[in-house]
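Please open the structure in a viewer and keep the sequence at hand.

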Amino acid sequence: MKKTILALAALASMGMANTAMATDTNVGQAVFQWAGTVPSPSSSEAGYWIVSADGGSILSATDGVMIFDNKAGEIKLKSATTFGFKVVTDKTADGATFNPAEDTAGVAYKATLGGIKAGKGGLTAAGGDDGYFAVTAGGDVLSTSTAKDFIADEVATVSLQPAIIDDAFTAATEGDVWTVQATLALTTTTAAL
């Protein structure tokens, strides 16, 4: 019995010795970042709803994320959240309450860039990014002068990319918090009676 207790005590002390000799090794740092600006809400005219890609809710596209690369001070937009939406008719045409079970009839529509604002630490006027960001829909860069057509029930996928692909973002520096807000003007054409 004494030998068993001595053996257990010896094993326990060896385990403690091993943990006492362990040292911490620095592996680097993990960086996390959040930013937020209260945006204007999306709005629909009477008779229409701008809805999520699946048609289950009113479009809410205010939580996008941009990921940047910083290689030796050369900063580039790597990716950005893509939002999807479509336009459906308001079955009751009163604009009071969206009903995803009834407001399902898609309509053809056109999207034009209404404007883009960007800036460090908050929104600034157009050009706050020196023209770095471009807004895309369906892979095409949107402009303020030319509309992009979407057929009924087609989902527009909207994202950001550099205006010049693979261009460095010279207005940005390490630690900057950038916010981009874009507005799209959406129209539909109804047949003349």
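The stops below cover charged pairs, aromatic rings and the nonpolar core.

The model shown is a predicted one.

**First stop: a charged network**

Select Glu74, Lys76 and Asp166, which salt bridges link into a network. Side chains of opposite charge can pair when their charged atoms come close. Lys76 takes part in a salt bridge with Glu74, with 3.7 Å between the closest N and O atoms. Lys76 also forms a salt bridge with Asp166, and here the closest N and O atoms are 3.1 Å apart. Strand β3 (residues 74-80) contains Lys76, while Asp166 belongs to the loop between β9 (156-162) and β10 (178-187), so this pair ties together parts that are 90 residues apart in sequence.

Lys76 counts as buried because its relative accessibility is 19%, and the cut-off for buried is under 20%. Glu74, at 42%, counts as partly exposed, whereas Asp166, at 56%, counts as exposed.

Next, select Asp140 and Lys148. Their side chains meet in a salt bridge, with an N to O distance of 2.8 Å. Asp140 is partly exposed, its relative accessible area being 39%. In the whole structure, a search finds four salt bridges.

Lys148 lies over the face of Phe150, 5.4 Å from the ring centre. Phe150 itself counts as buried, at 3% relative accessibility.

Tyr109 counts as buried, at 2% relative accessibility.

The count of aromatic pairs comes to eight. Another of them is formed by Phe68 and Phe169, a stacked pair with 6.0 Å from centre to centre and 20 degrees between the planes. Phe68 is in strand β2 (residues 66-71) and Phe169 in the loop between β9 and β10, so that distant parts of the chain, 101 residues apart, are linked by the pair.

In soluble globular proteins, nonpolar side chains tend to be buried together. The largest nonpolar core here has 26 residues, of which Met66, Phe85, Phe133, Val135, Leu160 and Phe169 touch the most other members. Two or more residues are given to this core by each of β3, β4 (83-89), β5, β6 (133-137) and β9. Which element gives the largest share? That share, five residues, comes from β5.

Finally, centre the view on Leu160. Apart from its neighbours within four places in sequence, Leu160 is in contact with Met66, Leu77, Ala80, Ile116, Phe133, Ala134, Val135, Thr136 and Val180.

Definitions and conventions
Residues are numbered from 1 along each chain as its sequence is written. This is a predicted model: local features need pLDDT of at least 70, side-chain atom pairs count only at pLDDT 80 or more; totals for chains, interfaces and linings use all residues. Side-chain values use heavy atoms; hydrogens and water are left out. Buried means under 20% relative accessible area, exposed over 50%, partly exposed in between (1.4 Å probe, protein chains only). Helices (H or I, at least four residues) and strands (E, at least two) are DSSP runs, numbered from the N terminus. Rings of Phe, Tyr and Trp (its six-membered ring) pair if their centres lie within 6.5 Å; planes under 30 degrees apart count as stacked, over 60 as edge-to-face and the rest as tilted. A charge sits over a ring if NZ of Lys or CZ of Arg is within 6 Å of the ring centre and within 35 degrees of the ring normal. A nonpolar core is a set of buried Ala, Val, Leu, Ile, Met, Phe, Trp, Tyr and Cys residues joined through side-chain atoms within 4.5 Å. Contact means heavy atoms within 4.5 Å.
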